[in-house]
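Here is a short briefing on the fold and on one of the helices. Keep the model open as you read.

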Amino acid sequence: MSNGMINGNGKRSYKLMIVDDSNLMRRRIERSQQFEELELVGTAADGVQALELFKRTDPDVVTMDITMPHMDGIECIARLVELKPAIRILVVSALADKATAVEAMERGANGFLNKPFTDRQLNEAIAELIR
Amino acid sequence: MLYEQELKTFVEGTTNFFEVAAQQPASIGSPYLMEGSPSVHEYTGVIKISGKREGVVYFTAPKAMLTVLLMKMQENDFSHETMRDLVGEVANTISGNARRDFGRDFVISVPSVLSGEKPEIPQKPGQRSFIIPINWRSHSAKLVVSLT
């Protein structure tokens, strides 16, 4: 895990990027995550936008959808991990087959959460990611 | 052609969506078969299916239902764009979840969304559809599955 940074209160904080082609889902994740140490640095609607945002904001933690236009989550995961091996990526996807989860992990994702999810499930998955 | 066990996958996916995302179960009516496309509501989220199976899966719902669904999801944006987003996300979620049983070769598209009167569903002429009626908090919607 990337070290994040120490904020003004002396606590470690991590930069969060949310990637999903649904604005509703991006808002949901932003609203539902309960970690003070996560600072949202931006959201992206596809893999291409995510890579551009990554270059500007250098996130430590990413939530990543899979089915997106222009560049899907699997390819985006691979590119992000190549750029920043310590990045932590939680896949948040409706694709419920094991093969997709395995592929995402093999490409460098650190966790997988299926949609639909409860707030509790989301936060448990994020907790695993940043522990 | 959709087999009974496969139909069950979509029924369970729909049930699960409402239980988890809407935090209130929906009542699913008896699925039925029809030639061509059924009538749709004000908003329709369409997923094209390719790979081992081909066809479409779509979720069609009235604005009133989507508004309440958004409220249950703690949303306060009830714009046209958000309605389109939601109906696409519902279709995407149910279709993506179906891969648990159909497997990875059940390839789903990004959602396309149709709204307004008499939208044209991208469906092959003569293709039969399974209609899954959905009743939620006095509102009615449909999940339509049309696959070869």
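Of the 131 residues of chain A, 43% count as buried; that term requires 20 or more other C-beta atoms within 10 Å of the residue's own, while exposed means 12 or fewer and partly exposed lies in between, with C-beta atoms placed from the backbone. This is a predicted model, where local features need pLDDT of at least 70, side-chain atom pairs count only at pLDDT 80 or more, and totals for chains, interfaces and linings use all residues. Residues are numbered from 1 along each chain as its sequence is written, and chains are lettered from A and ligands numbered from 1 in the order in which they are written.

**Overall fold**
- Chain A has 5 helices and 6 strands (DSSP runs numbered from the N terminus: H or I of at least four residues, E of at least two).
- Along the sequence, the order is β-β-α-β-α-β-α-β-α-β-α.
- The C-alpha atoms of chain A fill a box of roughly 40 × 30 × 25 Å along the principal axes.

**Helix α2 of chain A**
- Helix α2 (residues 47-57) buries Gly47(A), Ala50(A) and Phe54(A).
- Seen down the axis of α2(A), these buried residues fall within an arc of 50°, so they line one face (the arc is that of the directions from the helix axis to the C-beta atoms).
- Glu52(A), Lys55(A) and Arg56(A) are exposed on the other side of α2(A).
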